[in-house]
Amino acid sequence: MTPLIRFDQMTEQQLWDIANPIKDNLMDASTQLDYARHVQDFTGRMKAIVTPVYFQHVCQQYQAEKGYFSNRVPVAVFRRPESAVIVWKQSFTKVPGEFVAEMVLVHQDGRYLVDHAMVF
C-alpha cells in the first residue's frame with residue numbers, strides 16, 4: 001500500500017518543485033494541441049472532464065483570443081492534508097494584463113496528479 005502523502009507537511013519549495021514541471025508540461029502540451037501529453041498527469045476525474053473534443057475547443061479558443069502562454073510567476077501554495085493548490089500569475093502573448101493559473105495537486109497510485117487546473 002502506498003503511504004499517505006501529507007501535503008500540509010511538505011515545504012512550499014517541495015511543492016513548487018513537484019508542480020512546476022507538471023504545469024510546464026500542461027502549458028506546452030496545450031500550446032502544441034497534444035491531448036495525450038496534456039492529460040498524462042491528470043486524475044481519472046480530470047480525464048473524464050477534459051475530453052479530446054473539449055481540449056481542442058478550449059485550446060483553439062484561448063489561442064485565438066489571448067495567444068500563447070508566456071511568463072508565469074509563482075504566487076502562492078495552499079496546503080491541505082490530502083492536496084495542494086498551486087497559484088501562478090500568468091501572461092499571454094496577445095493580450096496585456098495578469099491572469100491566474102491554478103492547479104490542484106493530489107497523490108494517487110504513487111504519483112502526483114492534477115485534479116483541477118484552470119487559467120482565468
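Modeller: Let us begin with pairing: two strands pair if DSSP finds at least two bridges between them. Helices (H or I, at least four residues) and strands (E, at least two) are DSSP runs, numbered from the N terminus. This is a predicted model, in which local features need pLDDT of at least 70, side-chain atom pairs count only at pLDDT 80 or more, and totals for chains, interfaces and linings use all residues. Residues are numbered from 1 along each chain as its sequence is written, and side-chain values use heavy atoms, with hydrogens and water left out.

Biologist: What is the order of the strands in the open sheet?

Modeller: The 4 strands follow the order β1-β2-β3-β4, with antiparallel pairing. At the edges lie β1 (69–79) and β4, each of which pairs on one side only.

Biologist: Which helix packs on the sheet?

Modeller: Contact means heavy atoms within 4.5 Å. Axes are lines fitted to C-alpha atoms, for helices over the stretch in contact, and angles run from 0 to 180 degrees between N-to-C directions. Here α1 touches β1, β2 (84–92), β3 and β4, and its direction makes about 145° with that of β1.

Biologist: Over how many bridges do β3 and β4 pair?

Modeller: They pair in the antiparallel sense over 8 bridges. In β4, R111 is the bridge partner of Q108.

Biologist: Where does D109 lie, and is this residue buried or exposed?

Modeller: Buried means under 20% relative accessible area, exposed over 50%, and partly exposed in between (1.4 Å probe, protein chains only). D109 lies in the loop between β3 (99–108) and β4 (111–119), and counts as exposed at 77% relative accessibility. Its phi is positive, about 50°, although D109 is not a glycine.
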